[in-house]
Amino acid sequence: SLAVFLGSIIPALVYGFFVLGILRLNPSPTPEAVGGLFLSPLLLRLLGGFGLVAIWTSYFVIGRNVRDNLKFDLKISRTLAVMIPLFLPLVLYAFGFRGFFEVVSLAGGLFLALEGIFVLAIWQRAFPKNGWRALLPLLYIVFLCALGYQVFTLVARI
């Protein structure tokens with residue numbers, strides 16, 4: 001149970017510090033940021049392709065986890081549980097989110113926040129008498145704030 005708690009909180013803190021550090025270094029990256037590397041167009045396309053594959057593979061894993069959470073935890077039909085993570089990015093695109101990274105970031109943020117809430121609920125049921133339960137409200141608040149931020153971003157954009 002301590003491993004589950006630490007395995008949840010430590011990566012969240014590390015990612016948070018990473019994001020804050022990147023935003024502190026350069027809050028608004030310019031399109032010319034990669035152009036100054038003096039790389040050939042072929043190499044830039046290859047690196048871009050690797051970047052897309054990296055994003056797709058992480059989204060694939062997250063989408064699969066969300067599908068399983070929707071199906072097994074929330075008892076949503078298999079078809080709908082498959083369609084939600086599969087088509088949410090396309091729906092966001094149809095609502096005017098034209099930037100690839102913007103769509104993947106928003107959809108991924110929604111899915112990760114929901115997954116964190118689901119994992120906490122599962123842990124709560126699996127370990128009903130654990131001493132770390134006192135920290136559950138704080139962790140729920142963290143994931144609910146993340147979910148709220150993603151929903152606010154979505155609503156503000158539409």
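Tutor: Read along the sequence, the pattern is α-α-α-α-α. That is five helices and zero strands. Helices (H or I, at least four residues) and strands (E, at least two) are DSSP runs, numbered from the N terminus. This is a predicted model, where local features need pLDDT of at least 70 and side-chain atom pairs count only at pLDDT 80 or more, while totals for chains, interfaces and linings use all residues. Residues are numbered from 1 along each chain as its sequence is written, and side-chain values use heavy atoms, leaving out hydrogens and water.

Start with the whole chain. Of its 158 residues, 23% are buried. Buried means under 20% relative accessible area, exposed means over 50%, and partly exposed lies in between (1.4 Å probe, protein chains only). Contact means heavy atoms within 4.5 Å. Among contacts with a separation of 6 or more, 59% join residues 24 or more positions apart.

Now go inside. A nonpolar core is a set of buried Ala, Val, Leu, Ile, Met, Phe, Trp, Tyr and Cys residues joined through side-chain atoms within 4.5 Å. The largest one here has 12 residues, including Tyr59, Leu70, Ala81, Leu106 and Leu154. Helices H2, H3 and H4 (100–126) each give two or more residues to this core. Another core, of 11 residues, lies apart from it, with Leu110, Ala113, Leu120 and Trp123 among its members. In soluble globular proteins, nonpolar side chains tend to be buried together.

Beyond four places in sequence, Ala81 touches Arg67, Leu70, Lys71 and Ile76. Ile76 sits in the loop between H2 and H3. Ile76 is partly exposed, because its relative accessibility is 23%. Lys75 is in this loop too, between helix H2 (41–73) and helix H3 (78–94). Lys75 has a relative accessible area of 67%, so it is exposed. Its phi is near 60°, a positive value in a residue other than glycine.

Next, helix H5 (residues 136–157), which holds Gln150. Gln150 is buried, because its relative accessible area is 13%. Leaving out residues up to four places away, Gln150 touches Ser105, Leu106, Gly109 and Leu110.

Return to Trp123. Its relative accessible area is 7%, so Trp123 is buried. Rings of Phe, Tyr and Trp (its six-membered ring) pair if their centres lie within 6.5 Å; planes under 30 degrees apart count as stacked, over 60 as edge-to-face and the rest as tilted. By this rule there is one aromatic pair. The rings of Trp123 and Phe127 have centres 5.7 Å apart and planes at 45°, so this pair is tilted. Phe127 is partly exposed, at 34% relative accessibility.

Last, the surface. Leu80, Val91 and Phe95 are among the residues of a nonpolar patch with about 780 Å² of accessible area together. Patches are made of residues with over 30% relative accessible area and no salt bridge: like charges are joined within 9 Å, nonpolar side chains (Val, Leu, Ile, Met, Phe, Trp, Tyr) within 5 Å. A salt bridge is a side-chain nitrogen of Lys or Arg within 4 Å of a carboxyl oxygen of Asp or Glu. Areas come from the Shrake-Rupley method with a 1.4 Å probe; for residues, only the protein chains shown count as cover. Val91 lies in helix H3. Val91 is partly exposed, at 40%.
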